[in-house]
Amino acid sequence: MKKLLIMCGTGIATSTVVTNKVKEWLGSKGLSDQVRLYQSKVADEMNRIDDYDIVVSTTVVPDSIKDKVIMGLPLLTGIGTEEMYAEIEKKIRE
């Protein structure tokens with residue numbers, strides 16, 4: 001089972017919106033049983049980022065973890081959503 005972290009600046013507002021959208025998408029793709037979702041804020045996860053298989057963020061992340069993070073802004077703007085989901089799905093199936 002893959003561990004997917006969704007994070008934002010506070011771990012409350014936008015990460016909740018994104019978590020709900022990702023849950024719905026996982027269900028529609030039949031992937032819900034392959035992923036465990038976590039939700040947090042960037043500051044709390046800096047030293048634990050390697051504990052997760054997939055990381056989605058709705059806020060800017062430090063350069064030290066940038067290459068490990070999928071930007072989740074498309075789920076807030078509606079632009080680039082399919083590409084972002086494709087990237088998540090690829091990581092789930094790896």
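Glutamate 89 and arginine 93 sit 4 residues apart in helix α4 (residues 81–93), so about one helical turn separates them. Helices here are DSSP runs of H or I with at least four residues, strands are runs of E with at least two, and both are numbered from the N terminus. The two residues form a salt bridge, with their closest N and O atoms 3.0 Å apart. That term stands for a side-chain nitrogen of Lys or Arg within 4 Å of a carboxyl oxygen of Asp or Glu. In general, side chains of opposite charge can pair when their charged atoms come close.

Before going on, a word about the model. It is a predicted one, where local features need pLDDT of at least 70 and side-chain atom pairs count only at pLDDT 80 or more, while totals for chains, interfaces and linings use all residues. Residues are numbered from 1 along each chain as its sequence is written, and side-chain values use heavy atoms, leaving out hydrogens and water. As for pLDDT, that's the predictor's confidence in each residue, from 0 to 100. The protein chain has a mean pLDDT of 93, with 100% of its residues at 70 or more. Confidence is lowest in helix α2 (residues 42–45), at a mean of 90, and highest in strand β3 (residues 54–57), at 96.

**More on glutamate 89**

Is glutamate 89 buried or exposed? It counts as buried, at 17% relative accessibility. The cut-offs are under 20% relative accessible area for buried, over 50% for exposed, and partly exposed in between (1.4 Å probe, protein chains only). Once neighbours within four places in sequence are set aside, glutamate 89 is in contact (heavy atoms within 4.5 Å) with Trp25, Lys29 and Leu31. Lys29 turns up again in a network of salt bridges that links it with Glu89 and Arg93. Methionine 1 is 88 residues away from glutamate 89 along the chain, and their C-alpha atoms are separated by 13 Å.

**Salt bridges**

How many salt bridges are there? The count comes to 5.

| Pair | Closest N and O atoms |
|---|---|
| Aspartate 50 and lysine 68 | 2.7 Å |
| Lysine 66 and aspartate 63 | 3.6 Å |
| Glutamate 89 and arginine 93 | 3.0 Å |

Aspartate 50 forms its salt bridge with lysine 68 at 2.7 Å. Aspartate 50 is in the loop between α2 and β3 and lysine 68 in the loop between β3 and β4, so the pair ties together parts 18 residues apart in sequence. Aspartate 50 is exposed, at 60% relative accessibility, while lysine 68 is partly exposed at 35%.

**Glutamate 45 and serine 40**

Glutamate 45 belongs to helix α2 and is buried, with a relative accessible area of 3%. Serine 40 comes from strand β2 (residues 35–41) and is buried too, at 10% relative accessibility. What joins the side chains of serine 40 and glutamate 45? A polar contact of 2.8 Å does. A polar contact is a pair of N or O atoms within 3.5 Å; within protein, one must be able to donate a hydrogen and the other to accept it, and residues adjacent in sequence count only if both atoms are side-chain atoms.

**On the surface**

Val17, Met71, Leu73 and Leu76 make up a nonpolar patch on the surface, with about 290 Å² of accessible area together. Nonpolar patches join side chains of Val, Leu, Ile, Met, Phe, Trp or Tyr within 5 Å, like charges are joined within 9 Å, and patch residues have over 30% relative accessible area and no salt bridge. The areas come from the Shrake-Rupley method with a 1.4 Å probe, and for residues only the protein chains shown count as cover. Methionine 71, from strand β4 (residues 69–71), is partly exposed, with a relative accessible area of 35%.

Leucine 76 also has lysine 21 at 9.7 Å, C-alpha to C-alpha, though they are 55 residues apart in sequence. Lysine 21 lies in helix α1 (residues 13–29) and is partly exposed, with a relative accessible area of 37%.
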